[in-house]
Amino acid sequence: MAIITRIGATVYVRQGDIAPELSVEGASWNAEQQQVQLLVKNTGQASARPGINWTLRRGETVVATGTVDPQGIVAQSDRYFSLDDFQPSQPNFGSGEYQLEGELVWGGYEEPKTMPFSTKLAIDMPSQSVQN
C-alpha cells in the first residue's frame, strides 16, 4: 500500500489594468436558515475577496454588529454573504424594518480598498418568535 499526497494552491493573476467593481445590491432575511444575507455584485473584469464589517440597526438602536471573513466573488457575478455571527434571539430583534450598514474591505494589506454601504432590510418572522 502506498499513500500519495497532492498539495494545491489557488493563484490569482491579473493581466492588464483590470479591477473588480463591487456594489451592495441589498439585504434579505433567510427565514429557513435564520440569517441575514447581503447581496454583493461584481460588475468588474477582476475577481475580489471582500470581507465585511457590518452593523444592524432598528431605529437608533444597534441590534448587532459583526464581521464576515473575506470570500471570493468572481468577475461579472454576484454572491450572497451570510452574516453568520448574527443570532436572531438577540434582544430588540423581531419583525420590522432595519438598516444594515457597514463597509466592504478588499485588496492587499498595504492599500486595502473599502466601500461603505447602507441598505434597508425588512424582516417578517412568525409572531411566536418575536422578542421585544
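What share of the 132 residues in the chain is buried? Buried residues, meaning those under 20% relative accessible area (1.4 Å probe, protein chains only), make up 34% of the chain.

This is a predicted model, in which local features need pLDDT of at least 70 and side-chain atom pairs count only at pLDDT 80 or more, while totals for chains, interfaces and linings use all residues. Residues are numbered from 1 along each chain as its sequence is written, and side-chain values use heavy atoms, with hydrogens and water left out.

**View 1. The strands of the chain.** The chain has seven strands and zero helices, where strands (E, at least two residues) and helices (H or I, at least four) are DSSP runs numbered from the N terminus. Of the contacts (heavy atoms within 4.5 Å) between residues at least 6 apart in sequence, 61% join residues at least 24 apart.

**View 2. Arg 79 and Phe 81.** The charged end of Arg 79 sits over the ring of Phe 81, at 5.6 Å from the ring centre; this term requires NZ of Lys or CZ of Arg within 6 Å of the ring centre and within 35 degrees of the ring normal.

**View 3. Confidence along the chain.** The mean pLDDT, which is the predictor's confidence in each residue from 0 to 100, is 86 for the chain, and 89% of the residues reach 70 or more. Confidence is highest in strand β5 (residues 77-82), at a mean of 96, and lowest in strand β4 (residues 61-68), at 91. Over residues 128-132, pLDDT stays under 50, and the model has seven contacts beyond four places in sequence for these residues.

Key. Buried < 20%, exposed > 50% of the residue type's maximum accessible area, 1.4 Å probe, protein only.
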